[in-house]
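Visitor: I have a model open and want to learn how to read it. Please take me through it feature by feature.

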Amino acid sequence: MPEHPADPHTDNIIECDDIVVRFGEQVVLDHLTLNVKRGERLVILGGSGAGKSTLLNLMSGQTRSTSGVMRIDGKNICAMSDAELDEYRKTIGVLFQSGALFQSMTVGDNVALPLRMHTDLDEDTIGTIVKMKLELVGLREHAGKLPSEISGGMQKRAGLARALAMDPKVIYYDEPSAGLDPVSVTQVDELMIGLNETLGVTTVIITHEMVSAFRVAQRLVLMDQGKFVADGTPEEMRNSEDPLVYQFVNGESDGPLSDRRSSDDYTQSLLS
Ligand SMILES: Nc1ncnc2c1ncn2[C@@H]1O[C@H](COP(=O)(O)OP(=O)(O)OP(=O)(O)O)[C@@H](O)[C@H]1O
């Protein structure tokens with residue numbers, strides 16, 4: 001029984017309540033509270049070191065919080081045992097920056113891997129599922145190739161097919177545009193939107209790529225120093241008069257972000 005039964009039509013699938021993550025003395029996530037609606041496409045923005053990857057690692061069950069509650073589909077993953085967390089990880093999809101394909105395995109075998117590891121399905125059924133997942137990302141005819149025989153954009157799509165293998169309710173993308181040419185970025189963006197719309201899979205994306213962020217997001221949150229400092233639709237973020245949002249969205253060199261960074265550097269240099 002979920003400890004917080006979820007209504008599949010109206011509830012938030014992700015509920016992040018007063019989350020703190022500390023590494024030693026450093027507070028990396030500072031009392032974060034965030035809800036993500038079932039089926040929503042959310043983009044998390046933020047400068048280097050803002051805490052985005054830490055948050056994504058936490059949501060995907062790869063790291064633990066120092067305190068707080070993170071409910072995914074009604075279950076508090078912060079209170080799970082290691083074994084329960086292993087089970088949880090099978091129910092979500094993560095597309096890592098690199099695509100994280102096994103280079104010695106064919107594209108098809110990479111997609112089949114989670115099914116072979118986590119299910120008792122026979123090989124014929126696995127073969128059919130692999131074809132369906134590869135078709136979703138436009139790679140069905142490349143199943144027999146090694147990752148090194150396809151382009152970077154195709155590798156990313158193959159990683160996506162693998163992330164979809166177990167029919168996740170939530171998929172997390174860690175900088176999906178990284179290292180791709182503009183055409184491949186657009187293809188991956190369209191794919192993220194298409195999969196979200198056709199499969200209804202809740203989509204959480206970390207990206208530095210503003211064009212991509214605004215193309216894909218239904219809602220954006222901006223992180224700074226382990227906190228959420230803005231939250232809004234693409235329209236609201238574009239028109240925001242908050243100097244921090246303005247600087248980040250427009251990539252301005254002058255503004256509160258750079259002012260704080262240079263004063264931090266100065267303080268740091270005096271102290272050392
Ligand atoms: N395992 C760890 N141990 C110690 N410190 C860590 C660890 N992981 C992250 N940090 C620190 O936490 C802070 C936030 O890091 P995080 O990777 O979450 O930021 P980010 O917003 O994803 O940055 P980037 O865009 O550069 O990837 C950084 O100061 C980082 O050095």
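**Reading the model**

Guide: Start at the ligand. Around the ligand stand F23, V28, G46, S48, G49, A50, G51, K52, S53 and T54. A residue counts as near a molecule if its C-beta atom, placed from the backbone, lies within 6 Å of it. Residues are numbered from 1 along each chain as its sequence is written. The model is predicted: local features need pLDDT of at least 70, side-chain atom pairs count only at pLDDT 80 or more, and totals for chains, interfaces and linings use all residues.

Visitor: Which helix gives the largest share of the shell around the ligand?

Guide: Helices (H or I, at least four residues) and strands (E, at least two) are DSSP runs, numbered from the N terminus. Here helix α1 (residues 52–59) gives the largest share, three residues.

Visitor: How many nonpolar, polar and charged residues does the shell around the ligand have?

Guide: Ala, Val, Leu, Ile, Met, Phe, Trp, Tyr, Cys and Pro count as nonpolar; Asp, Glu, Lys and Arg count as charged; the others, Gly among them, are polar. The shell has three nonpolar, six polar and one charged residues.

Visitor: What confidence does the model carry?

Guide: pLDDT is the predictor's confidence in each residue, from 0 to 100. The protein chain has a mean pLDDT of 87, and 90% of its residues reach 70 or more. The scores are ipTM 0.95 and pTM 0.87. Over residues 1–6, pLDDT stays under 50. Where pLDDT is low, the predicted coordinates should not be read in detail.

Visitor: How do I read strand pairing?

Guide: Strands of a sheet pair through backbone hydrogen bonds, either parallel or antiparallel. Two strands pair if DSSP finds at least two bridges between them. Take the open sheet of four strands: its order is β2-β1-β4-β5, with antiparallel pairing. β2 (26–37) and β5 (75–76) are at the edges; each has a single partner strand, so one side of each lacks a neighbour in the sheet. Nine bridges join β1 (residues 12–23) to β2. In that pair, I19 stands opposite L32 in β2.

Visitor: Which strands pair with β9?

Guide: β3 (residues 41–46) pairs with β9 in the parallel sense, over five bridges. There, L45 stands opposite L222. β10 (residues 227–232) runs antiparallel to β9, again joined by five bridges. V221 has D231 in β10 as its bridge partner. β9 and β10 form a hairpin with two residues between them, and Q225 in the turn has a positive phi of about 50°.

Visitor: Is S148 buried or exposed?

Guide: Count C-beta atoms, placed from the backbone, within 10 Å of the residue's own: 20 or more others make it buried, 12 or fewer exposed, and in between partly exposed. S148 has 9, so S148 is exposed. S148 lies in the loop between α4 (123–136) and α5 (152–164). L113, in helix α3 (residues 107–118), has 17 and is therefore partly exposed. Strand β9 (residues 219–224) is mostly covered, with five of its six residues buried.

Visitor: Which residues of α9 are buried?

Guide: In helix α9 (residues 243–250), V245, F248 and V249 are buried. They lie on the same side of α9, because they cover an arc of only 95° around the axis. That arc is taken from the directions from the helix axis to the C-beta atoms. G251 follows α9 and has a positive phi, near 60°.

Notes. Contact = placed C-beta atoms within 7 Å.
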